[in-house]
Amino acid sequence: MIDNNTKKIYIETYGCQMNFSDSEIVGSIMTDHNYATTDKIELADIILINTCSIRDNAEQRVRKRITVLAKLKNKQPNLKIGIIGCMAERLKSQLLEEEKDVDIIAGPDAYRDLPQLMNSVENGQRAINVLLSAEETYGDIRPVRLDPNKISAFISIMRGCQNFCSYCVVPFTRGKERSRNPETIINEARELFELGYREVTLLGQNVNSYNWNENGQMSFPDLLQKVAEINPLLRVRFATSHPKDISDELIQTIAKHPNICNNIHLPVQSGSSRILKLMNRKYDREWYLERIATIKKHIPDCGLSTDMISGFCSETEEDHQQTLSLMEAVAYDYAFMFKYSERPDTLAAKKFRDDVPEEVKSKRLAEIIDLQRKLSHQSNKKDLGLTFEVLVEGFSKKSDEQLSGRNSQNKMVVFPKMNYKKGDYVQVKIGRCTAATLIGEAIS
Ligand code: 5AD
Ligand code: SF4
């Protein structure tokens, strides 16, 4: 029951979709312990910042935010500030030493301990738990849904990562890979469907290496199929996949089920086999291109997206040209593109020199971004005249007379509202496009 004594928590999230999902788990743990979540920061007794460590600039943003929030403490002395997630895990007690206004530090596997940590804080202490766990999946927790859209939701199905890509901090902040009990995943998806949700995204740092081995075996393709079978009106997506685990079986499972979306986010990071080896990605350019060819053979209209890093240690102009040529060969629909940022303790920080000058990193990144803009536009132009099934997510950003939603390939589609509403599936014929959006008319 919420009364005047119920403390209110405002959760601010940075970083990846996993972090958004984790914030919903944190919300659920706290509401089970007599706290309430609020979306109004001015009403909060506790502000939790769920943080990301993937690049240095992600951490710098959080540092600035802490400075801003600390000022609120002058006006509201009882306000408590907690730093949770990857940055809490990476920096541990160092963060308490450096940030005097922070009261709580909790790593990604310590969220069940947050209510106890809060008790210590109420008693005037500062509190920290950054223990990583080999088992924690929060499998029994029903997340509170913080996203107001109520049509699509994230379901976290596995945690951690032990691939040790040489640039990446995640194995250090999120610990060992572990899969969540499939029964709890399927139940969560079914409940969401019954509540009116029409799309779930199964999440994991390395989602396609999901594998459950207790009381019966379940692989990722099996799980995907089980979730898809809940109802044909429930769309299923997943992220993020590692290329090494994109099996033929997984590709065929996607091809076989109309409600498993034809969209694969398959981060390649670089087009150069030499750089991929230094990155410890466990595949080379040829192998990756073969996987893409197999995807295109079985799912000809599959939406494809990637992550790219420019300026990794020792990257030459020739390596960079290989990245650009791979992007052209795949013809990605979308990409997340970054400059390499050295992270403490990673294999690359220990073994290689961060030797590509900042201007060169920036110039290469700009070329990657320019090329992707061109590829996205080309891909959208190919869709002119085609009809797609769109799941309506709400009004378009620009007008309440237009609705927007995504097609199976994950492209944003905008069309006149007529009598359609959020949650409807609508057949939309595409008449125009920009690099980012398809624009059409409903035909059903
Ligand atoms: N520097 C730049 N980008 C990085 N990524 C991961 N680590 C780094 C780093 N040290 C990118 C990768 C990954 C995405 C989530 O972030 O492209 O797929
Ligand atoms: Fe950032 Fe990676 Fe942690 Fe997600 S898992 S919050 S991307 S460091």
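## Barrel

Five strands, in the order β17-β18-β19-β21-β20, close into a barrel with mixed pairing. Within this sheet, neighbouring strands are turned against each other by 55° on average, with direction ignored. The description rests on a predicted model.

Gly 405 has Val 413 in β19 as its bridge partner.

## Nonpolar cores

The largest nonpolar core comprises 62 residues, and Ile 157, Leu 202 and Val 227 have the most contacts inside it. Because residues of this core come from both domain 2 (147–261) and domain 3 (294–382), the core lies between the two domains. Another core, of 21 residues, lies apart from it and includes Tyr 35, Ile 84, Ile 104 and Ala 106.

When neighbours within four places in sequence are left aside, Val 227 is in contact with Ile 186, Ala 189, Val 200, Leu 202, Leu 234 and Val 236.

## Asn 19 in helix α1

Helix α1 spans residues 17–31 and contains Asn 19. The relative accessibility of Asn 19 is 2%, and this residue therefore counts as buried, the cut-off being under 20%.

Residues up to four places away in sequence not being counted, Asn 19 touches Thr 13, Tyr 14, Asn 50, Thr 51, Cys 52 and Arg 174.

Key. Residues numbered from 1 in each chain as written. Chains lettered and ligands numbered in written order. Predicted model: local features only at pLDDT ≥ 70, side-chain atom pairs only at ≥ 80, totals over all residues. Heavy atoms only, no water. Helix = DSSP H or I, 4+ residues; strand = E, 2+ residues; numbered from the N terminus. Buried < 20%, exposed > 50% of the residue type's maximum accessible area, 1.4 Å probe, protein only. Contact = heavy atoms within 4.5 Å. Pairing = 2+ DSSP bridges. Axes fitted to C-alpha atoms, helices over the stretch in contact; angles between N-to-C directions. Core = buried A, V, L, I, M, F, W, Y, C linked by side-chain atoms within 4.5 Å. Domains from an automatic or database assignment.
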